[in-house]
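Please look through the sequence and the structure below, then read on.

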Amino acid sequence: MKVLMYSNHFGGPTTTFIISDLSGIAAVHKVIYACVGITNDQFSYEDVRVLPYRVNPVLKKIRWIQEKNGWRLSFRSSVFRTSLNALLDEFKPDLIQFNFGYEALMVTDNLESRHQKIPMVINFLGYDAS
C-alpha cells in the first residue's frame, strides 16, 4: 500500500509520536511524508517532501481575524494546491494519513476533484480532540 502522511511540520521535538507512526507504517508500506516545513533535523526520513504554502502577511492577519470570529475557515492556496496535487499525481497514494485534524483541512481545501476520493485517516490529538 502507498501512504501519504501529512503534517504541517516535520521533526519537531514534541512530535516524536509522529516519527513512531512513520517508522511503523514505513516498515510495511511505501510512505512519503509531506509537510510545509522541517522544524529541525533531529529526525530523518528518506522521503520527506516540503510543499510550499505561502500566504501574504496581510491576508494571513485577515484570515486569523475571520477564524477567531467564526466567519471563515479556509486554507486555499494556489501554490500549495498545485504542488500537493502534483505530488498526488506522481505518488498515487492509496491512503492519506494526517496527524492533526486542523492540518487535514489544509489538504482537503486544496484537493482537486480527482483526488477527493482517496481515503483519509485523521488522528485527533491535542487541541483537535476537544
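## Fold and overall form

Starting at the N terminus, the elements of the chain follow the order β-β-α-β-β-β-α-α-β-α-β. The radius of gyration is 15 Å, close to the 14 Å that the globule rule gives for 130 residues, so the chain is as compact as a globular protein of that length. This is a predicted model.

In total the chain has 4 helices and 7 strands. The C-alpha trace spans about 45 × 35 × 25 Å along its principal axes. Of the contacts in the chain with a separation of 6 or more, 71% are between residues 24 or more positions apart.

## Surface and charge

Of the 130 residues in the chain, 38% are buried. The accessible surface of the chain amounts to about 7500 Å², and carbon and sulfur atoms hold 56% of that area.

The chain carries 14 positive and 12 negative side chains. The centres of these two sets are 9 Å apart.

## Aromatic pairs

Across the whole structure, a search finds 6 aromatic pairs. In the pair of F17 and F100, the ring centres are 6.1 Å apart and the planes stand at 85 degrees; planes over 60 degrees apart count as edge-to-face, so this pair is edge-to-face. The pair links distant parts of the chain, as F17 and F100 are 83 residues apart. F17 belongs to helix α1 (residues 16-26), while F100 sits in the loop between β6 (95-98) and α4 (101-108).

Are the two residues of this pair buried or exposed? F17 has 30% relative accessibility and therefore counts as partly exposed, since that class lies between the limits of 20% and 50%. F100 has 16% relative accessibility, so F100 counts as buried.

One aromatic cluster is also present, formed by Y6, Y53, F80 and F98.

Which residue is found in the loop between α1 and β3 (30-35)? V28 is located there. The relative accessibility of V28 is 62%, so V28 counts as exposed; the cut-off for that class is over 50%.

V28 can also be placed relative to M1. The two residues are 27 residues apart in sequence, and their C-alpha atoms are 8.3 Å apart in space.

Definitions and conventions:
Residues are numbered from 1 along each chain as its sequence is written. This is a predicted model: local features need pLDDT of at least 70, side-chain atom pairs count only at pLDDT 80 or more; totals for chains, interfaces and linings use all residues. Side-chain values use heavy atoms; hydrogens and water are left out. Helices (H or I, at least four residues) and strands (E, at least two) are DSSP runs, numbered from the N terminus. The radius of gyration is taken over C-alpha atoms; the globule rule is 2.2 Å times the number of residues to the power 0.38. Buried means under 20% relative accessible area, exposed over 50%, partly exposed in between (1.4 Å probe, protein chains only). Contact means heavy atoms within 4.5 Å. Accessible areas come from the Shrake-Rupley method with a 1.4 Å probe; for residues, only the protein chains shown count as cover. Lys and Arg count as positive and Asp and Glu as negative; His and the chain ends are not counted. The place of a charge is taken as NZ of Lys, CZ of Arg, CG of Asp or CD of Glu. Rings of Phe, Tyr and Trp (its six-membered ring) pair if their centres lie within 6.5 Å; planes under 30 degrees apart count as stacked, over 60 as edge-to-face and the rest as tilted.
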